[in-house]
Amino acid sequence: MWFKKKVQAKPEEKLDLPEGLWVKCESCGEILYRSELEKRVWICPKCNFHFRIGSRDYIALLLDEGLLEELDSEMEPLDPLDFPDYKKKLKSAQQSTKLKDGLVYGRAKIGGIPVIFASMDFAFMGGSMGSVVGEKVARAIRLARSEKKPLIIVSTSGGARMQEGIFSLMQLSKTSAELALLAKERVPYISILTHPTMAGVMASYASLGDIIIAEPGALIGFTGPRVIEQTIGEKLPPGFQRSEFMLEHGMIDLLVSRTELRNTLIRLLKIICKVQ
Ligand SMILES: [Zn+2]
C-alpha cells in the first residue's frame, strides 16, 4: 500500500546547513551572512560554491508551488544483518532529519508538466543507499513507466550503505534493471547530480539519465580521488572528478547553476514532452 502525503517545503526545515547568523564558505573561506546566502539559494557570492542543501530545499526550488505528493513516506529500513549500532544510527538520523530514510519521491509538476520526482538527502547517513532508498528509486521508476511521466532524480550520496551489506549492493542492479525497462517504454529520465554523488549511486541510477545535469563544483565519481591516488601511486589532474571536468570528458551533458535549474528543467521538459 502506498502512503500519500503532501509535502510542502517549509523554510525553517533546513536540514543539511550550518547554524548561526554567519556562515563560512567551505571552499573560499569567506564569511557570509546567512540570510544573504538563503536568498542566493546557498551559492557563495564570492566563489560560486554550491552549499549542500536537502531534499526539501530542492522540492521548494524546483517543483510548482514547492509541492510534492509524496509516496511511501513511512517506509523505513530494517536491520537485516543485525549490524552493530545500525539501529542506533538510524534512529539518530531519523530524529535529526525528520525523515525515515535518505530519499523522498512522489508526483509533482514542473512548469505545469506532470513528473515523477525524487530527491536524496546527504544529511541522512551520508546519503547512503540501502534497501529503502533503492526500493523507493525502483518504485519511482516503475511509477514513471506506468504513468508515462518523465522521471527526475536529484542525487547526492557517499555510496552504498555498508550496514546493509549485500542488501545495499542489490539496489544497484535492481534500479539499473528498472531503468532499462523505462528506456524501453521511451519514458525520459533526467538525472541531476549534486555535491557529492559517488560510488554505488553513481555506478547505478545517477549515471543512467537520458540527460545528466550537474551542479557546478560537485564531486562526481566512483572511488574518491584520494583512494585512486593511493592505489595507482600517481597524482591526479587538477579538478579531477569535479563536474566541470566531467563535462569536458563527456560524462555529463549540462552544467547548471542552482539558480537556473528550474528554468532549465522546464525548457528540457517542454522539448521532451513536445509542449508549446
Ligand atoms: Zn566561497
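User: Which residues are counted as touching Phe117, leaving out residues up to four places away in sequence?

Analyst: Phe117 touches Leu63, Leu68, Tyr105, Gly106, Ala108 and Ile152. Contact here means that the two C-beta atoms, placed from the backbone, lie within 7 Å. This is a predicted model, in which local features need pLDDT of at least 70 and side-chain atom pairs count only at pLDDT 80 or more, while totals for chains, interfaces and linings use all residues. Residues are numbered from 1 along each chain as its sequence is written.

User: What makes Phe117 and Leu151 stand out in the largest nonpolar core?

Analyst: Of the 61 residues in that core, these two touch the most other members. A nonpolar core is a set of buried Ala, Val, Leu, Ile, Met, Phe, Trp, Tyr and Cys residues joined through C-beta atoms within 7 Å. Buried means 20 or more other C-beta atoms within 10 Å of the residue's own; exposed means 12 or fewer, and partly exposed lies in between, with C-beta atoms placed from the backbone. Helix H4 (residues 131-147) gives the core its largest share, six residues. Both domain 1 (4-12 + 53-272) and domain 2 (17-51) supply at least three residues to this core; the domain bounds come from an automatic or database domain assignment.

User: Why is strand S5 (residues 103-110) called largely enclosed?

Analyst: Seven of its eight residues are buried, so the rest of the structure largely encloses S5. Strands are DSSP runs of E, at least two residues; helices are runs of H or I, at least four residues; both are numbered from the N terminus.

User: What makes S5 a partner of strand S4 (residues 67-71) and of strand S6 (residues 113-120)?

Analyst: Two strands pair if DSSP finds at least two bridges between them. S4 and S5 run antiparallel and are joined by three bridges, and S5 pairs with S6, also antiparallel, over eight bridges. Leu71 stands opposite Tyr105 in S5, and Ala108 stands opposite Val115 in S6. The hairpin of S5 and S6 has two residues between the strands, and Gly111 there takes a positive phi near 60°.

User: Why is helix H7 (residues 225-232) described as hardly covered?

Analyst: H7 has eight residues, and the count of buried residues among them is zero. Gly233 follows H7 and has a positive phi, near 65°.

User: How many residues does each domain bring to the contact between domain 1 and domain 2?

Analyst: The centres of the two domains, taken over C-alpha atoms, are separated by 23 Å. Nine residues from domain 1 and eight residues from domain 2 form the contact.
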